[in-house]
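Student: I would like to learn how to read a metal site and a ligand site from coordinates. Please take one model and go through it with me.

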Amino acid sequence: MNEQRAFEAVKKQLKPARYEHTLRVVETAEELAGKYHARLEKVRLAAILHDYAKYRPASEMKDVIRSADWLSDEWCSYGEAILHAPAGAALVRSELGITDEDVIRAIVYHTTGRAGMTLIEKIVFLADYIEPGRKSPGIESVRQAADDSLDRGCLLALANTIGFLTSKKQPVFPDTFHAYNELVKLTMRGLKS
Ligand code: DGI
Ligand code: FE
Ligand code: FE
């Protein structure tokens, strides 16, 4: 799938404001890809398609996840906000014919993160969090961290998300904790050595 077709396909799926967000994520991801030496075409394609399923009904997203044998049913038990990430990955595969596993994985984990994220996954995860239209509390520290260290940027974004969810007594997807723990340990080691 070339980029132009991906833009056209995703535009049809999204409301205008969400499409504008997507364009800002693509730009931010492109900057991070340059800074951290990632494969630009893969990063851009994943960023273009990352919110593809955002406006599908929750029931449809759950059906899509449950019928994809490569996705865990666990995705369906942590609130509706995370469903669009794995469901989007399955839908760009079935509806748009996307086969690149690096792109698919970056879409699956763009909301929660996971331990062992690849460079492309980290970039899409962080770009989605810090794109210039975002206004969550603490966002400036995350933007600053992202300038120096991709891992530190992801860590602060994960910590903010976990803080936000726990303050509202919402469930946290286990991979989010696993990603957080991994990056805490990694960045602590970095500070000591
Ligand atoms: O789709 P976007 O709005 O661009 O951003 P996103 O894909 O990061 O989704 C943000 C939403 O996902 C927000 O409502 C918080 C929620 N979220 C993020 N991580 C988790 C989560 N919800 C649960 N239950 N568990 C998580 O680990
Ligand atoms: Fe999203
Ligand atoms: Fe997004």
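The dialogue below goes through the metal sites and then the ligand site.

Tutor: This is a predicted model, in which local features need pLDDT of at least 70, side-chain atom pairs count only at pLDDT 80 or more, and totals for chains, interfaces and linings use all residues. Residues are numbered from 1 along each chain as its sequence is written, chains are lettered from A and ligands numbered from 1 in the order in which they are written, and side-chain values use heavy atoms, with hydrogens and water left out.

Student: Which residues are the protein donors of the iron ion (ligand 3)?

Tutor: Donors are N, O and S atoms within 2.8 Å of the metal (3.2 Å for Na, K and Ca); water is not among the atoms, so sites may look incomplete. Here His21 (NE2), His50 (NE2), Asp51 (OD) and Asp128 (OD) lie 2.2 to 2.3 Å from the iron ion (ligand 3). Their spacing along the chain is H-x28-H-D-x76-D.

Student: Where do His21 and His50 sit in the chain?

Tutor: Helices are DSSP runs (H or I, at least four residues), numbered from the N terminus. His21 is in helix H2 (residues 16-36), while His50 is in the loop between helix H3 (40-49) and helix H4 (58-66), 29 residues apart.

Student: Are His21 and His50 buried or exposed?

Tutor: Buried means under 20% relative accessible area, exposed over 50%, partly exposed in between (1.4 Å probe, protein chains only). His21 and His50 are both buried.

Student: What are the protein donors of the iron ion (ligand 2)?

Tutor: They are Asp51 (OD), His84 (NE2) and His110 (NE2), at 2.1 to 2.2 Å. Because His84 lies in helix H5 (residues 84-96) and His110 in the loop between helix H6 (101-108) and helix H7 (119-130), the pair ties together parts that are 26 residues apart in sequence. Both histidines, His84 and His110, are buried. Asp51 bridges the iron ion (ligand 2) and the iron ion (ligand 3), which are 3.5 Å apart.

Student: Which polar side chains lie by an oxygen atom of ligand 1?

Tutor: A polar contact is a pair of N or O atoms within 3.5 Å; within protein, one must be able to donate a hydrogen and the other to accept it, and residues adjacent in sequence count only if both atoms are side-chain atoms. For ligand 1, a polar side-chain atom of His84 is 3.0 Å from an oxygen atom, and one of His110 is also 3.0 Å from an oxygen atom. An N or O atom in the side chain of Arg134 lies 2.7 Å from an oxygen atom of ligand 1.

Conventions
Helix = DSSP H or I, 4+ residues; strand = E, 2+ residues; numbered from the N terminus.
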